[in-house]
Amino acid sequence: MKKLLILLLAMALPSVAALQAQAPRIRTSATPAQTAVKGAEVPKAPKAANASKAAKAGKTADATAVKGKKKGGKKAQAVATPSFDRPYMAIKTNVAYDALAVLNLTYECQFASHFTAEIPVMWSLWDWKEDRGVRTVAIQPGVKYWFGTPGSGHAIGADFDLAWYNVKWDDDRYQSASRPAMGVSINYAYSLNLGKNWKAEFSLGVGYINTRYNTYYNITDGALIDTRTKNYFGPTRVGISLVYSL
């Protein structure tokens, strides 16, 4: 019986060896000599936890980059587009007219992102000398488009002109007849910051004015000479204004 078991065991051993020879070799980073040694350690693969952390770190970096781009884009857009949350308002006086004894005051207010409306009022109710003087009441309501923030930098605009006048000049006196002088003009302005709430604004306007006026002898109760209608093309505004922002 023992001889029979030994014989069967001897026949089985070659079959097991053959099966082991046919089994596929495990791929590792170890050399063939190391894998042949009994008990040799196989290099361990990176832990899944480390790979997961690396993936999370990559996602976090990408999210931060995207968030930064969005934030930067919003900030750039906010700088490029003037804010309308607090509209620009200002009061100003044209010192060039003040120097000629024509007092004036202008109120300007923003009504859109780049647009302001203004109403200049001018008045002079006295003479310079006995035979010379400009008495007038005039208004020039208009709108302006600012290329940047309203109240700063360059602007272009248009206005409507109305004026009542009584002008003495040497031998004659000229007075608006039956209606005020009326016209339209376009203008350019540049505003320069001087400090907190203070600005200087330089402006020049050109346009068309139509007026009908009477001419009198420049004496007390002087007789009427004639009545004329005149069309004027040329400068309608010259401004060196001191501005206070509200």
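Biologist: Why is Ser-191 called buried?

Modeller: Keep in mind that this is a predicted model. Ser-191 has a relative accessible area of 5%, and buried means under 20%, so Ser-191 counts as buried.

Biologist: Where does Ser-191 sit, and which residues does Ser-191 contact beyond its neighbours within four places in sequence?

Modeller: Ser-191 is in strand β8, residues 181–195.

Biologist: What makes the pair of Ser-191 and Gly-151 a polar contact?

Modeller: A polar atom of the Ser-191 side chain lies 2.8 Å from the backbone oxygen of Gly-151. The cut-off for a pair of N or O atoms is 3.5 Å, so this pair is within it.

Biologist: Which strand holds Ala-200, and what does Ala-200 touch, not counting residues up to four places away in sequence?

Modeller: Ala-200 lies in strand β9, residues 198–217. With those sequence neighbours left out, Ala-200 touches Tyr-190, Ser-191, Leu-192, Leu-194 and Ser-241. There's also Leu-242: Ala-200 and Leu-242 are 42 residues apart along the chain, and their C-alpha atoms are separated by 5.0 Å.

Biologist: Now Asn-104. Buried or exposed, and how do you know?

Modeller: Asn-104 has a relative accessible area of 7%. Buried means under 20%, so Asn-104 is buried. Asn-104 is found in strand β2, residues 103–110.

Biologist: What does the side chain of Asn-104 reach, and at what distance?

Modeller: The Asn-104 side chain reaches the backbone nitrogen of Asn-94 at 2.6 Å. The Asn-104 side chain also makes a polar contact with the side chain of Asp-98, at 3.0 Å. Both distances are within the 3.5 Å cut-off. Not counting residues up to four places away in sequence, Asn-104 touches several residues, including Lys-92, Tyr-97, Val-121 and Trp-123.

Biologist: And the chain as a whole: how many helices and strands, and what share is buried?

Modeller: The chain has 4 helices and 10 strands, in the order α-α-α-β-α-β-β-β-β-β-β-β-β-β along the sequence. Of its 246 residues, 27% are buried.

Definitions and conventions: Residues are numbered from 1 along each chain as its sequence is written. This is a predicted model: local features need pLDDT of at least 70, side-chain atom pairs count only at pLDDT 80 or more; totals for chains, interfaces and linings use all residues. Side-chain values use heavy atoms; hydrogens and water are left out. Helices (H or I, at least four residues) and strands (E, at least two) are DSSP runs, numbered from the N terminus. Contact means heavy atoms within 4.5 Å. Buried means under 20% relative accessible area, exposed over 50%, partly exposed in between (1.4 Å probe, protein chains only). A polar contact is a pair of N or O atoms within 3.5 Å; within protein, one must be able to donate a hydrogen and the other to accept it, and residues adjacent in sequence count only if both atoms are side-chain atoms.
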